[in-house]
Amino acid sequence: MEKKISSERIYEGKIINLRKDKVLLPNNEFTFREVIEHNGGVAIALENDDGKFFLVNQFRYGSQKNMLEFPAGKKEKGEDSLSTAKREIIEETGYSGKDYMYLGSIVPTGAYLEEIIDMYYAKVDMFYGQNLDSDEFIIVEQYTLDDIINKIMKNEIIDAKTIAMAFKIKEIKSLTNINITNYIK
């Protein structure tokens, strides 16, 4: 295991911070690690009564392309994941969810990013209307799970959290052979 010797904040931003750590390696040599600090996020697979899931289509600046993905958002400092999920699903889709089920978490890029994304499944509840941030431009689309997986297999969906969630949900649905809500606690 590597041991942190010192840490220097290089950049402090609205969404991320960047630090440079000096570390001691297992072979007793020193090196540096650059780490992106992030509060973490959530992603929500919201399913309607017709068995369709809400996906958001939005331009992602870092990838320089529109991406189709499950709705997601970042946790505010001190906010628990379920509260974030409930807030973000309304903001992005306009719908609230009910019967939330925790699907686990993923680490998008563990080599240099501290972000952990908690994943949830929920059934659609009530419509409130989108409440997007001023810099968000999101189109909401609906797809069956089979459509989502087909898009993944054709590389039309390349978002990691969406891929992970789609296959987790597919596996849960195949195990229950009835309905994912049997797994909701």
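Two strands are said to pair if DSSP finds at least two bridges between them. Helices (H or I, at least four residues) and strands (E, at least two) are themselves DSSP runs, numbered from the N terminus.

## Basis of the model

The model is predicted: local features need pLDDT of at least 70, side-chain atom pairs count only at pLDDT 80 or more, and totals for chains, interfaces and linings use all residues. Residues are numbered from 1 along each chain as its sequence is written, and side-chain values use heavy atoms, with hydrogens and water left out.

## The three-stranded sheet

β1 and β2 pair in the antiparallel sense over eight bridges. Within this pairing, K3 stands opposite L24 in β2. Together with β3, these strands form an open antiparallel sheet in the order β1-β2-β3. Its edge strands are β1 (3-12) and β3, each of which pairs on one side only. Neighbouring strands of the sheet are turned by 20° against each other on average, direction ignored; the axes are lines fitted to C-alpha atoms, for helices over the stretch in contact, and angles run from 0 to 180 degrees between N-to-C directions.

## Nonpolar cores

A nonpolar core is a set of buried Ala, Val, Leu, Ile, Met, Phe, Trp, Tyr and Cys residues joined through side-chain atoms within 4.5 Å. Buried means under 20% relative accessible area, exposed over 50%, and partly exposed in between (1.4 Å probe, protein chains only). The largest core has 23 residues, and F53, F70, L103 and I148 have the most contacts inside it. At least two of its residues come from each of β4 (41-47), β5 (52-60), β8, β9 (117-127), α2 (145-153) and α3 (160-176).

Leaving aside neighbours within four places in sequence, F70 is in contact (heavy atoms within 4.5 Å) with residues including I44, F53, I148 and M165. A second, separate core of 10 residues includes F54, A85, Y100 and V124.

In α2, the residues L145, I148, I149, K151 and I152 are buried. They lie on the same side of α2 because they cover an arc of only 160° around the axis, the arc being that of the directions from the helix axis to the C-beta atoms. The face turned away from this buried side carries the exposed residues D146 and M153.

## Residues with positive phi

Most residues other than glycine have a negative phi. N28, in the loop between β2 (17-24) and β3 (30-37), has a positive phi near 70°; N28 is exposed, with a relative accessible area of 59%. D99 in strand β8 (residues 95-106) has a phi near 55° and is partly exposed, at 43%. N155, which follows α2, has a positive phi near 60°.
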